[in-house]
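Please look over the chain shown below before reading on. The briefing that follows starts from one residue, moves to another, and then turns to the chain as a whole.

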Amino acid sequence: MNDGMLHKLREVSVEARIGELRKSSDKKVIEEWSRSGVKFSARSGKLEQVYYAAVKKLLDCIVPTGGEEPILHEGGIYLGCWLESTGTINAELLSRFIPSVSERTFESFAKNQREDGLIPYKVTEQGPSYRQIQLVTPLARSVWNHYKLNQPDKSFLQTMYDAMSSYDVWIAANRNTRGSGCVEAFSTFDTGHDLSPRFWHVPDTPHLGDASQFNPDSPILPFLAPDLTANMYCQRLYLARIAEELGHSGDEWLAKAKESLSSLFRHCFDQEDHFFYDLDRNDEWVRVQSDVLLRVMACEVGEREFFDVMLKRYLLNTSKFFAKYPFTSLAMDDPRFDPFSSYNSWGGPSNFLSLIRTPHAFEHHGRHVELTWIIYPILASFAKATRFSQAISPWTGDEGFTETYSPSILCLIDYVERLCGILPTPAGELWFTGLLPYDMDHGEELAGETGYSRIVDGVTFELVNTRLRCEIYKDGERCMSFPSGIRILTARDGSLKGIVGMSTRLVSGVVNYGDKELNFQIKGNEQQYYENHSFVKGTDIGIINPAYR
């Protein structure tokens with residue numbers, strides 16, 4: 001049925017698309033990408049061209065640092081590796097494609113840990129820097145997901161566990177001066193929230209460049225910070241998992257995580273607004289509605305019902321964060337909202353660091369359909385991009401400040417895989433998603449039909465998507481076909497485990513699996529499991545529709 005698209009996919013040479021390499025370390029990196037088997041092709045439009053431009057630019061962000069072997073850099077004007085982003089969520093995404101670079105990136109922070117336990121907030125060619133903490137995505141979660149996905153030697157896990165355990169002690173000793181159990185922010189850069197109204201009248205850096213001090217003359221510092229506290233909560237949850245994997249009890253970490261969660265809700269959560277705010281030294285909430293919310297949600301805080309309220313009131317609300325190109329870094333109905341993306345700002349524009357943190361928050365609660373409403377416009381904005389910027393205009397989708405920025409590069413690569421590719425998960429599944437990029441802007445076609453391939457445990461899988469039907473190939477032979485609008489879940493060997501509804505519409509039809517014809521009907525976000533040669537109903541949580549006020 002899709003022989004033309006399949007042939008086009010198989011003809012793709014990633015090396016040829018990238019062209020001449022710029023530095024000696026690029027050769028090993030691109031060889032590792034090739035071993036992943038990841039290729040993307042499109043029938044028409046600009047997305048395929050932009051995709052391979054992104055892969056080429058990614059190489060510019062993988063740089064030898066403090067030795068001969070390369071690690072991931074932030075890119076653009078940011079010459080080095082930042083813990084809040086490059087050393088966590090960026091490396092976590094890269095782990096699906098070039099795991100050796102991710103592993104070295106994680107280890108660079110452990111290697112440069114200070115004797116008192118403080119982990120550097122960045123590592124550059126000039127060495128590590130300890131001026132602030134700069135935490136967002138929990139390091140332990142990124143390390144764990146890399147470990148589960150790639151199964152490196154346990155010595156890696158032990159090294160990272162030891163470093164993170166010592167860091168936990170440093171944070172507890174130095175960032176809990178008010179005895180609240182929350183993690184305190186001493187400066188703007190502690191959370192990477194440059195120019196956010198959240199930190200107006202707060203110094204950008206800790207007092208005297210010392211991460212353990214805040215300005216003693218400040219009328220408002222220190223803040224009890226919800227995103228930093230949520231980070232510590234989630235960090236401790238995953239430290240418990242790592243401890244158990246290493247043969248220890250995780251009970252102490254779970255108890256500490258519970259304490260962090262309790263402190264978060266006791267001090268930083270406004271029941272009436274259903275929002276998380278900083279609490280200043282005067283016990284006044286800093287009532288700035290920012291992407292702190294998304295950060296807290298990405299740290300697995302709250303059950304699904306709690307997250308659903310956040311979706312309806314804030315994240316999918318076009319008066320708040322759900323701009324034409326979501327998510328804004330400040331609520332749009334805040335009078336301090338500044339949409340301009342031409343400079344490094346968290347005061348309004350849609351930042352790619354928010355966008356790559358988004359999938360975990362949504363997928364953790366089974367909100368797969370709602371996530372596509374973010375992916376569609378962002379891929380449309382990429383299709384017209386000429387560089388990979390830090391942020392985009394929430395109104396037009398045009399690129400903003402800086403270029404060759406690894407979070408935006410990885411956002412494109414990640415979003416393509418989630419929407420129409422083959423995604424391996426830390427839980428040992430493969431996700432084959434039968435959707436296509438949608439022509440959101442002026443009807444300009446992005447991709448048409450698509451093809452995607454990936455090698456898993458030595459087996460080559462290929463996925464071809466059309467508007468009506470999709471096909472999966474295993475080592476060159478068709479093994480499954482299904483209607484568009486659903487996601488196929490398999491084990492790593494390609495054996496069928498279930499399906500997920502990926503559209504607001506009711507999708508029905510037949511999944512051809514080997515010699516079996518499996519009839520189904522599935523709603524958006526519904527999950528069905530494959531048992532005894534048929535699909536049986538699992539979770540069915542419905543859909544949270546967008547809001548406007």
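**Briefing on the predicted chain**

Leaving out residues up to four places away in sequence, R10 touches K39, E462, Y473 and G476, where contact means heavy atoms within 4.5 Å. This is a predicted model, in which local features need pLDDT of at least 70 and side-chain atom pairs count only at pLDDT 80 or more, while totals for chains, interfaces and linings use all residues. Residues are numbered from 1 along each chain as its sequence is written, and side-chain values use heavy atoms, with hydrogens and water left out.

- R10 belongs to helix α1, which covers residues 3-11; helices (H or I, at least four residues) and strands (E, at least two) are DSSP runs numbered from the N terminus.
- Because its relative accessibility is 37%, R10 counts as partly exposed, a class that lies between buried (under 20% relative accessible area) and exposed (over 50%), with a 1.4 Å probe and protein chains only.
- One of the contacts of R10 is K39, and these two residues are 29 apart in sequence, with their C-alpha atoms 8.5 Å apart in space.

**Surroundings of T318**

- T318 sits in the loop between α12 (304-315) and β13 (350-351), and with 33% relative accessibility T318 counts as partly exposed.
- Apart from neighbours within four places in sequence, T318 is in contact with M332, A547 and Y548.
- T318 and A331 are 13 residues apart along the chain, and their C-alpha atoms are separated by 9.3 Å.

**The chain as a whole**

- The secondary structure of the chain amounts to 15 helices and 26 strands.
- The chain is as compact as a globular protein of its length, because its radius of gyration of 23 Å is close to the 24 Å that the globule rule gives for 549 residues; the radius is taken over C-alpha atoms, and the rule is 2.2 Å times the number of residues to the power 0.38.
- Along the principal axes, the C-alpha trace spans about 70 × 55 × 50 Å.
- Of the 549 residues in the chain, 64% are buried.
- Among contacts with a separation of 6 or more, 63% are made by residues 24 or more positions apart.

**Annotated region**

- According to the unreviewed UniProt entry, residues 102-406 carry the annotation "domain: Mannosylglycerate hydrolase MGH1-like glycoside hydrolase"; UniProt positions are given in the numbering used here, feature names are shortened, and annotations may be inferred rather than shown by experiment.
- Over residues 102-406 the chain is 43% helix and 7% strand, with the end C-alpha atoms 13 Å apart.
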